[in-house]
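Trainee: I would like to learn how to read features of a structure. Can you take me through a case?

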Amino acid sequence: MTHVFVFTNHKGGVGKSTSATNIALGLSSVLKSTGATNSRVLLIDTDSQAHATLVTTGRKDYGSQDSLYTVLMAERQSAAKVMNDCIVQSQWNPDLHVLPASPMLEGAERELIGAAGAPYRISDPLSKIMSHYAAVVIDTRPSFSLLTEMALIAATDAIIPVEPRYLETVGLLSVITKINDIRDGWRIPDLKVSGIVITKMDSRIKGHIQLLDDLKSHPVLGKLICGVIPANEAVSYAHNNHQSVFSYDPKASASKAYAELVVTLIRRMVQG
Amino acid sequence: MPKPNVQRTSNLLASVTDEMLGGDLTAKLQDKTIRVERLLLELVRPHPVQPRRVLPERIHQAFHQQQLTPTQALRELAQIVQVAARQQSRPFTSVLDLLTQPEDESETTSELSPEETLLRDLVNLAVTIRDDGQVNPLTVVDVSEGVSHLYRIETGERRYWATWLLRDFIPDSNSDGTIPCIVIPTKTASVFRQAKENTSRSGLTAIGMARQAALLLLSVHGHEIPNYPVDNDFYRQALELDLRGKHEFTDTILAAMGGISKFHFSHFKSLLNLSDEALEVADRHDLDEGQLRYVVKLPREHHAEMITQIVQFNLTVKQVREMCDTSSDRPQVEPQVSRAAKQLLKFLKAAEEVTPQEFVTAMLSAEHDKNVVRARLQSLYQYLIEIDQALASTEKG
């Protein structure tokens, strides 16, 4: 079964797009280097800001004919073919493919109100083409909107990036509850919250260390922590240059932390 | 914008992850166990050089030249069937009509055209898939390049077309537009595998076997098997090749052809000498190699006509042999001249060598009555007068 990782949090600026793009590239590269039978990874950008699309493809001018918006508006029977046709190759790696976002997604939710099967408009077509991929990574917008719900319905693993700040960590349980509500409400037994990624961790700040310790000792959240990504200038500069953190600065601590997270996720993929 | 360094990324990830992944996990990632996957129909395509033709040649070529979508190709087939059905006063409002049992089955079934039989079989298969599911997955090769996803069918083209029928032509099918497939890595795909699959199941037509023989020969002689549609001249290149130059492959080739002898292999290959039209008709009507081997001996311009006669009169191998031998003995005689006319011509030529007395003796010995002999001669006079008149009218014309 192809694992579908969705990076979600209703808080903005926590590193969803950064994590989604770098993890997607990492998965593809590691699978390739290990000689895996399939190393293709699909990145789906559901955020109308299209940051993940921009950094991986160098463009953000996708529109009504060549983006996720096109898929959402397609007829049910042709949606899978439309999705397949809208996928483009990333500039990062030939095996990293991208279903680009479009600013038009902003209005898509409004257009889809009352449309039949609207919440399944990503999962249905994706299920018909995902055997082509070793893994799928979905980047979401910073809200639990219809598009995020669509992404979660299509997913098998929800990963929550969070900054080590008090208010963010306080909201973590509510994020998990919301994801579980979606899983139970739409009866998607495959979906589970499979990880929390602490981003922008600065070990020089006492508050960060304290919060990380608190999280680790939490009976539920502690078990879910699957990666800690240090705050690192390389991450911001990599984005500015439309590069992954791995290629921008392979020696950066953030690069190594993301690589470790990639391995953790691959381990889960293999172990089921 | 600086270009991303893919190698640098790979190096880092490889160095960081090697010891973390461990050998066991790596082995699992390299798992080559055969798996059945449901693939989107649109991403699956038949192999254009597959020796077995499922669709009629014209539709086959148009489909592989991207002039027709799968749905359009099936619609063309349905239209051909509709015309054939109307000519026989059979109802045809939907493809499901083909499954309706005629009142007098023995009478009507025998009259079905090859296209009707083909479509009926496909519809039957589609209905079986609808009712019982597809038990036997297709075998496909992943030939995707970049984001152009494509799976080339190695075996199972009939199931592919049946699934399209189910999706677009059969109401209440609930088809989700996917098809179960076993995906074979490109490296392990080969013409030998395909040949074994082709010959081990329901078998190929004689023409299919000829194409199969050609593909195997071309392959072992280093010719590249193309991924685009080819005409019969491509297969005819094999006529200049044989097994003698490739002893090491002889057993493998004969085994892939279903364990036939070298003799039969050679016979199948020689069918490629048939004209294009003859090849198409013979393939469509599934004519036997035994019938076709005599047709090959005729001049190429007579192939199609002879094959049409085989189909029309359901000629046996013996009859075909006799007809072809006669035809090849006298290639100068116009084919539209009847056998009786030819015999009469022979008689007239022989008249110079027979004396009148000899002829009278022969007639009396055959008829035993002078009056009957006179009556026959009267008829002959009359006939000769009519021949003279016919000749005169030809000269005027």
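Predicted model: local features only at pLDDT ≥ 70, side-chain atom pairs only at ≥ 80, totals over all residues.

Trainee: Which parts does the pair A:E106 and A:R141 tie together?

Mentor: Start with the elements. Helices (H or I, at least four residues) and strands (E, at least two) are DSSP runs, numbered from the N terminus. The side chains of A:E106 and A:R141 meet in a salt bridge, 3.2 Å from N to O. A:E106 sits in helix 5 (residues 105–111) of chain A, and A:R141 in the loop between strand 5 (135–139) and helix 7 (146–154) of chain A, so the pair ties together parts that are 35 residues apart in sequence.

Trainee: Are A:E106 and A:R141 buried or exposed?

Mentor: Buried means under 20% relative accessible area, exposed over 50%, partly exposed in between (1.4 Å probe, protein chains only). A:E106 is partly exposed at 49%. A:R141 is buried at 8%.

Trainee: What does B:R236 pair with?

Mentor: B:R236 forms a salt bridge with B:D276, with the closest N and O atoms 2.6 Å apart. B:R236 is in helix 9 of chain B and B:D276 in helix 12 (residues 276–284) of chain B, so this pair ties together parts that are 40 residues apart in sequence. B:R236 also forms a salt bridge with B:D233, at 2.8 Å between the closest N and O atoms. Those two are three residues apart in helix 9 (residues 232–236) of chain B, so about one helical turn separates them. B:R236 is buried, at 10% relative accessibility. B:D233 is partly exposed at 47%, and B:D276 is partly exposed at 43%.

Trainee: How is the size of an interface often given?

Mentor: It is often given as the accessible area lost when the parts come together. Buried area is that loss for two parts (1.4 Å probe), summed over both. Between chain B and chain A it is about 3600 Å², with 65% from carbon and sulfur atoms. In contact terms (heavy atoms within 4.5 Å), 39 residues of chain B meet 43 residues of chain A.

Trainee: Which side chains meet in a salt bridge there?

Mentor: The rule finds one salt bridge across this interface. A:R40 and B:D142 form it, at 2.7 Å from N to O. On chain B, helix 1 (6–29), strand 1 (36–40) and helix 6 (157–168) each supply at least two residues of the side that touches chain A. Helix 1 of chain B gives the largest share, 14 residues.

Trainee: And the nonpolar core: which residues touch the most other members?

Mentor: A nonpolar core is a set of buried Ala, Val, Leu, Ile, Met, Phe, Trp, Tyr and Cys residues joined through side-chain atoms within 4.5 Å. The largest one has 97 residues, and A:L126, B:V44 and B:L119 touch the most other members. Helix 5 (residues 114–132) of chain B gives the largest share of this core, seven residues.

Definitions and conventions
Residues numbered from 1 in each chain as written. Chains lettered and ligands numbered in written order. Heavy atoms only, no water. Salt bridge = Lys/Arg side-chain N within 4 Å of Asp/Glu carboxyl O.
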